[in-house]
Amino acid sequence: MIDSYIEGFHAPFVKELLTLVKAQDINCIGLIFPNQGPVGVVQLRGVLAERIAVPTVIIRINERLVRNQVWFERSDTAYPPLSPKSKVMLLGDAATSGASIYCAALIVRKFGAICEHAFVVFDRLQGASERLDAKRIKLFSFIDRNFFESRGELNQSDISHDGKASRFEFESVRAII
Amino acid sequence: MGDLEERFFSDSGKTLISPDDDNSDAICNILKRALGKSDWVARGGMSSNYYFNFDKIYNQFDQNESKNCD
């Protein structure tokens, strides 16, 4: 049963991502490495490599040194996928305040690349889309909170929202990068 | 068209998969099993980090497969 579920998730996920990549003329995908370690979209890297012919780089937003912030395959060192010619789409797990995505976009822009699109699996609908819009980043989401809510999968603590904290989190990104 | 109308009619904020999608059962089942929340919360009490741990599901898949082999 679970194997059909896995394909039922992978197939539409890859299809939507591929549609966006083609429509926006993306030539590099930046996977946002979460604080929790190598989980989430980083685990889907194999699936993406198998089905999408676009190079991926891993962006570690918590690293302080520029040389540690972007990781790619050793074989790509001759022609790094992240260069001023790159048009990068960021791929992340969840969007809350939008701070992680903005942080990753600033890192990518440091390399001269264009970064105007982000794709997340789950949008928590806590203002990330609007804040990123103001920073010239268009956010696409695979599903959002309404998807889980309509199926009764979220409880009140998941939905509670501290608007001030997420605004502060977003606005402090500039100071970090 | 004013700003408000433009925003209303734009596709901004719309998800790529709607709850009525054919694959929504599979997507919901996978993502609800994989959803994880960080143990750390912001000062305001907001649980800050949501993430998906797909290994949880893949491990389960491996276990089921090995049971079938037995």
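In what order do the elements of chain B run from the N terminus on? They run α-α-β-β-α, and the secondary structure of chain B comes to three helices and two strands, where helices (H or I, at least four residues) and strands (E, at least two) are DSSP runs numbered from the N terminus. Of the 70 residues of chain B, 26% count as buried, a residue being buried if 20 or more other C-beta atoms, placed from the backbone, lie within 10 Å of its own.

This is a predicted model, in which local features need pLDDT of at least 70 and side-chain atom pairs count only at pLDDT 80 or more, while totals for chains, interfaces and linings use all residues. Residues are numbered from 1 along each chain as its sequence is written, and chains are lettered from A and ligands numbered from 1 in the order in which they are written.

In chain A, six strands form an open sheet with mixed pairing, in the order β3-β2-β1-β4-β5-β6; two strands pair if DSSP finds at least two bridges between them. Strands β3 and β6 of chain A stand at the edges with a single partner strand each, so one side of each is left without a neighbour in the sheet.

| Strand of chain A | Residues |
|---|---|
| β1 | residues 28–33 |
| β2 | residues 56–60 |
| β3 | residues 70–71 |
| β6 | residues 138–144 |

Strands β1 and β2 of chain A run parallel and are joined by five bridges, and A:I32 has A:I59 in β2(A) as its bridge partner.

Technical notes
A residue is buried if 20 or more other C-beta atoms lie within 10 Å of its own, exposed if 12 or fewer, and partly exposed in between; C-beta atoms are placed from the backbone.
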